Structures are given as C-alpha cells and as structure tokens.
Amino acid sequence: MKVLTLANFDRGVRLRSVASYLPANIVTNDDLVALGAALSPDEILKLAGIMERRWVAEGEATSDLATNACRLALTRADLTSADVSRLIVATVSPDHSSPSTACFVHRALALGHAPAFDVAASCTGFVYALDTATRAVLTGDDHVLACAADVRSRFLDLSDRATCALFGDGAGAAVVSACPRGEGLLGIGLLADGTGVHSVYVPAGGSRSPATHATVDARHHSIRMSEGPQVYLAAVEGMAETSERLLSALGLTWSDIDLLVPHQPNRRILERLVRILRIPAEKMFINVERIANVSGATCAIALDQALRAAPLRDGALVMLLAAGAGYTAGAAVLRVDSDLLARARR
Amino acid sequence: MSTRDRVRALLAEVADAPATDAAPLAIDSLALVQLVESLEDALQIRVAAKEVTRENFGSIDAIVAFLETKS
C-alpha cells in the first residue's frame, strides 16, 4: 500500500468544503421489482439492507450529477470557478468513452483553462481522487475540485440477482485546499490488486470487446459479479486491511478515530466490517438504506451527510475507507475543523 | 450436533438439500454468502475470501472436510 503522510510536508492540505448531489428519482425495492428485478423486496432488504436508491432521469448523465455536486462545493467554500486550479472526476460510468467526463463538468462550470481529467478506481474512486488532489495542492495548486460521480443504473441487468438491487446514482465533491501543517488531512493510503479485474466488471463496450449486436443481446454491457461470495468477503478484507495499515502508518489506533465513513456496498458487509475491526457500531456512519452503493461517489456522499448530521466536534478524526473492483482499496484520515463543519451545514 | 449435521441444517435454511452429501450443491451466490456467515457464527471461525472455492464449498462432504481444517 502506498501511504501519503502529510506530516512529511511543509504545508498541510484540508477539505475546505464537501457537498453531494443525488438525483430526484427515488426507486424503492417495490419499484425495482415492478421494473423486473430478480429479487423480492424482502430479499433485497434482508440480503443488502437497502430500502431505496436514487436513479437518474432519462437524459441525465454522470457529468450532470458531478456538476451539481461541484457547484455546491464551490458555493460552500465561498469560491468561484475562477479559483479552481484543477478538476478531478472519479467515475467508472462516464458520459462517453471519450472525452473525459471531467471535460463536460469543466464546460458546465466554465473552469477556464484549469486542467481536468478522470480517474477510474471503481468504488474507491473518491479516495483516489482525493489522493491526487492532495498531491496537486502539495505541489502548488491552490484549490482542487475532487469529485466522484457514478450512474451505475445505466449498467444494470435486472435479471441478475447478484447485482440488480445494489446500485444507486449520485455524486460527491470536495474543495481541497492548502492549510497550515498539522491541520486537515493526516494521511491517505491506496492500493490496487489486479488479481480481481474480473470480480466486478462490465464485459463489453471497451477495446477488448467492442459493442456489437451480440454483446448487447448477451447483456454484456451490464455489471457482472463473477464470484459474488469471494467479492463480498474480499471487500471486507480489503477495507479491514487498508484501514489497519493506514492507522499503523500514522501511529494511530481505532480509539483515535471518532467516525468511520466507509464505502456502502451493502449493510451486511458493513456489519461484518464492524465485527472484524472490533469497533463500536456507532463509530461507523451508514446510509446504505437510502442511498445504496453509488460506486466511487459513495464515500463522498456519505462524508457530506456525516458532516451535516453526525455529532462531530471540532478536531474530530474521520476515516474514509473504500474497496472496490479491480481490486482497489483506499483510506484517508482527516481532522475535521469547525470551519468545514459550518460550511457543510449551510 | 456433529459438524456434518450442523452443515446440513444451516444449508437447509438457504437452499434445497442435495440428494447426497457428495452431490454438487445447487446454491446461488447470495445463499452461499448466507451459508458462509452462518457457519462462521455457529462454529466461531472466520472464512477468508480465497477459501470460498468449489473445492471447499462444492458439496456437503467438501464443506465438512474444509471445516475440519479450520478446527
């Protein structure tokens, strides 16, 4: 695992603001079954702990969600588009295969000539974007927009019991800015393990298997989870190992962490994670019932909701933690300050 | 209750019983996750992702043999 330790640098990096955006359309488990899902509402609730999720409307795309989240993050930060040094959009459900979704957001926000690009790290997307944004600030950028947005509802096969009920759509964004050393982020750890490339993937539509009538007929443009039980257990193992290694690298223990904001693949995975980490259940923020798994955007959305709703004090330590397809995993520890809390609650 | 009987009982909660203990399990991935977690709770063990293979979970006989390696 590669760990970025902020104490090793002359300047600090903090989140100046966080925001999220969810599409208006609520899809309940009953709605999902009415659309043809291969699970009953009771099965979905029992197996995944999900009651509803948000899906985009016809014509709405990932960049639309990302733009709204970024716009709100800028407003909360009391910044304008002219202040943005760089835009990073983490997504595995881009508007188009080319150009980047970031360029569509760039156009919508009128970001001038600020660099903009996508990163793809599946459910670890926001943590990867945050790492890249942090490194950009450490090397001189003023304010970086780190965004994660996904529209996985466009890539679902409702006849597939393993994946049909798990995913929602949404976006989250943070303005990442410089601060005095010792404040804000303490560290970020990232890893990838390519042995999991086929664990959760979309078989067709890329350069290896371009779209044809046959790939469409075979539903190869939908998310496939080839080894569900292994993926389930590997997600927990990945999050547990990543979090423990980051804590160790930073000289911290779980007793130092006030709130864990994890990726939300399903409630059972989170409950298993609590047992394995041996942390109090109330130390973990959970919103999977209403939001579901929004892939790379999940952590950012959860962080925004936690900053707004959780009983966090000035100086509290929060850990973001995610694992996803690839495999990828990542964690970040940040010190929440009263300014960030006030901006989140505007 | 023997481990074999416990496996049979927990399996019956999530899937149809196979004809024999050696017969391949007809179980989907969601039920397999439930079975793994039930076994973990009942036997106070931890199953790793890499251990959930056909070799270890392909039949009742295979599960019993696997569980014996965990005790």
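Two strands pair if DSSP finds at least two bridges between them. That rule sets up the sheet described below. The model is predicted.

**A pair of strands**

Strand 1 and strand 9 of chain A meet this rule: they pair over four bridges, in the antiparallel sense. Strand 9 covers residues 185-192. Within the pair, A:Val3 stands opposite A:Gly189 of strand 9 of chain A.

**The sheet around the pair**

Both strands belong to an open sheet in chain A. The sheet has five strands, in the order 1-9-14-13-12. Its pairing is mixed. Which strands form the edges? They are strand 1 (2-5) and strand 12 (259-262) of chain A, and each pairs on one side only. From one strand to the next, the twist averages 10°.

Two helices of chain A lie against these strands. Helix 5 packs on the sheet. Helix 10 lies across strand 12 and strand 13 of chain A. The table sets out each helix with its angle.

| Helix (chain A) | Residues | Strands touched or crossed (chain A) | Angle |
|---|---|---|---|
| Helix 5 | residues 125-138 | strand 1, strand 9, strand 13 (317-324), strand 14 (328-335) | about 125° with strand 9 |

The domain assignment divides chain A into domain 1 (8-181) and domain 2 (186-344). Their centres, taken over C-alpha atoms, are 13 Å apart. The contact takes 47 residues from domain 1 of chain A and 46 residues from domain 2 of chain A.

Look at the side of domain 1 of chain A that touches domain 2 of chain A. Several elements give two or more residues to this side, among them strand 2 (12-21), helix 2 (41-48) and strand 8 (169-179) of chain A. Which element gives the largest share? It is helix 5 of chain A, with seven residues. Helix 5 of chain A also packs on the sheet. By type, the residues on this side of domain 1 of chain A divide into 26 nonpolar, 12 polar and nine charged.

**The whole chain**

Chain A holds 11 helices and 14 strands. The radius of gyration of chain A is 19 Å, close to the 20 Å that the globule rule gives for 346 residues, so chain A is as compact as a globular protein of that length. Along the principal axes, its C-alpha atoms fill a box of roughly 55 × 50 × 35 Å. Of the 346 residues of chain A, 56% count as buried. Now take contacts in chain A between residues at least 6 apart in sequence: 80% of them join residues at least 24 apart.

How values were computed:
Residues are numbered from 1 along each chain as its sequence is written. Chains are lettered from A and ligands numbered from 1 in the order in which they are written. This is a predicted model: local features need pLDDT of at least 70, side-chain atom pairs count only at pLDDT 80 or more; totals for chains, interfaces and linings use all residues. Axes are lines fitted to C-alpha atoms, for helices over the stretch in contact, and angles run from 0 to 180 degrees between N-to-C directions. Two residues are in contact if their C-beta atoms, placed from the backbone, lie within 7 Å. Domain bounds come from an automatic or database domain assignment. Ala, Val, Leu, Ile, Met, Phe, Trp, Tyr, Cys and Pro count as nonpolar, Asp, Glu, Lys and Arg as charged, and the others, Gly among them, as polar. The radius of gyration is taken over C-alpha atoms; the globule rule is 2.2 Å times the number of residues to the power 0.38. A residue is buried if 20 or more other C-beta atoms lie within 10 Å of its own, exposed if 12 or fewer, and partly exposed in between; C-beta atoms are placed from the backbone.
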